[in-house]
Amino acid sequence: KIEKSGMDGSNRIVLATDNVVWPNGITLDLVMERIYWVDAKLHLIGSVGFDGSLPNIISVPSSLMNHPFSLSVMEDLVFWSELGQNTSTIYQANKFDGSQVKMLTTAKLHHKPMSVQAYHKLRQPSSPNLCLSRPVPCSHLCVPAPRILHPALPTSKLTAGSENPSLTKCLCPRQYLRLEDHSTCVHEERDETDMRKEEVEIVIEELLKDEIIKVKEEEDLTGLVIGLLVGLCVLTCLIVQAVYTRYSRPGAAGIQRSGSRLDIIQSHRHYTII
């Protein structure tokens with residue numbers, strides 16, 4: 001699946017789950033506000049809006065999508081690299097309907113183009129560095145916070161500060177805490193007992209994972225053995241039924257033939273007496 005989130009890890013949203021198995025490459029169309037991806041397993045190029053709406057599959061000949069690796073979008077065209085056994089090729093096509101397919105270049109052996117990018121100022125528009133305008137600079141890492149608009153919410157339901165949210169957020173490394181100023185990160189002080197306890201918990205967690213994997217493998221093996229035994233029992237029952245059916249009918253026919261001979265003998269004797 002393809003997801004998006006803020007650079008701080010918040011507001012994680014799933015954009016696409018269909019037609020996504022092995023997405024080798026992904027790119028943005030900032031003008032149309034769409035995400036394009038190329039899937040090497042399904043041999044297709046797909047796209048979806050930034051909000052997950054209007055998914056689309058571009059119709060491209062399957063012979064040109066054996067193992068697509070990377071892609072890029074510029075204006076009305078989509079470019080992708082195709083990896084072959086001995087060659088690598090770059091194609092272009094219309095990003096809406098897959099028409100105007102054209103081979104741009106091909107290479108052999110070690111001259112294999114893999115990643116492909118279209119360079120233009122429109123693909124990376126300039127924007128101000130919001131971290132420079134912070135009242136208190138971040139001590140470690142500053143990232144822009146996602147700006148989420150709520151046009152459908154009435155003004156009375158907007159929480160305090162939602163009209164003027166923070167444009168950036170400070171992130172701290174592991175074992176660091178962020179102070180109340182939301183800008184400074186300090187090392188978390190812990191004694192040796194807590195550190196040893198954490199190490200023991202990590203070891204126990206790893207052991208539990210190994211045990212869970214072993215139990216799953218044993219359960220799979222047990223299920224396989226049970227399935228084989230059930231199949232063997234069913235096969236035995238079918239064989240017994242076939243043998244019984246095969247050898248029970250001739251006996252009945254023999255009894256019937258013996259009865260018919262007895263009737264003929266009795267009739268013959270009756271006529272002899274008369």
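Q: Which cysteine forms a disulfide with C131, and how far apart are their sulfur atoms?

A: A disulfide is a covalent bond between the sulfur atoms of two cysteines. In this predicted model, the partner of C131 is C142, and the two sulfur atoms lie 2.0 Å apart.

Q: What parts of the chain does the pair C131 and C142 tie together?

A: C131 belongs to the loop between β10 (102-108) and β11 (141-144), whereas C142 sits in strand β11 itself, so the bond ties together parts 11 residues apart in sequence. The torsion about the S-S bond is -90°, and the link of C131 and C142 is left-handed.

Q: How many disulfides are there by this rule?

A: The count comes to 3 disulfides. With bonded cysteines counted along the chain, the pattern reads 1-3, 2-4, 5-6.

Q: Which cysteine does a disulfide join to C138, and where do the two residues lie?

A: C138 is joined to C170, with an S to S distance of 1.8 Å. C138 is in the loop between β10 and β11 and C170 is in strand β12 (residues 168-171), so this pair ties together parts 32 residues apart in sequence. The torsion about the S-S bond of C138 and C170 is about -75°, so this disulfide is left-handed.

Q: Are C138 and C170 buried or exposed?

A: A residue is called buried when its relative accessible area is under 20%. C138 has 18% relative accessibility and therefore counts as buried. C170, at 1%, counts as buried too.

Q: What can be said of the link between C172 and C185?

A: The sulfur atoms of C172 and C185 are 1.9 Å apart, and the two residues form a disulfide. With -75° about the S-S bond, this link is left-handed. The pair links distant parts of the chain, 13 residues apart: C172 is in the loop between β12 and β13 (176-178), and C185 is in strand β14 (residues 185-187).

Q: How do C172 and C185 count in terms of relative accessibility?

A: C172, at 25%, counts as partly exposed, whereas C185, at 7%, counts as buried.

Q: How accessible are C233 and C237?

A: C233 has 47% relative accessibility and counts as partly exposed. C237 has a relative accessible area of 52% and is exposed, because the cut-off for exposed is over 50%.

Conventions: Residues numbered from 1 in each chain as written. Predicted model: local features only at pLDDT ≥ 70, side-chain atom pairs only at ≥ 80, totals over all residues. Heavy atoms only, no water. Disulfide = S-S within 2.5 Å. Helix = DSSP H or I, 4+ residues; strand = E, 2+ residues; numbered from the N terminus. Buried < 20%, exposed > 50% of the residue type's maximum accessible area, 1.4 Å probe, protein only.
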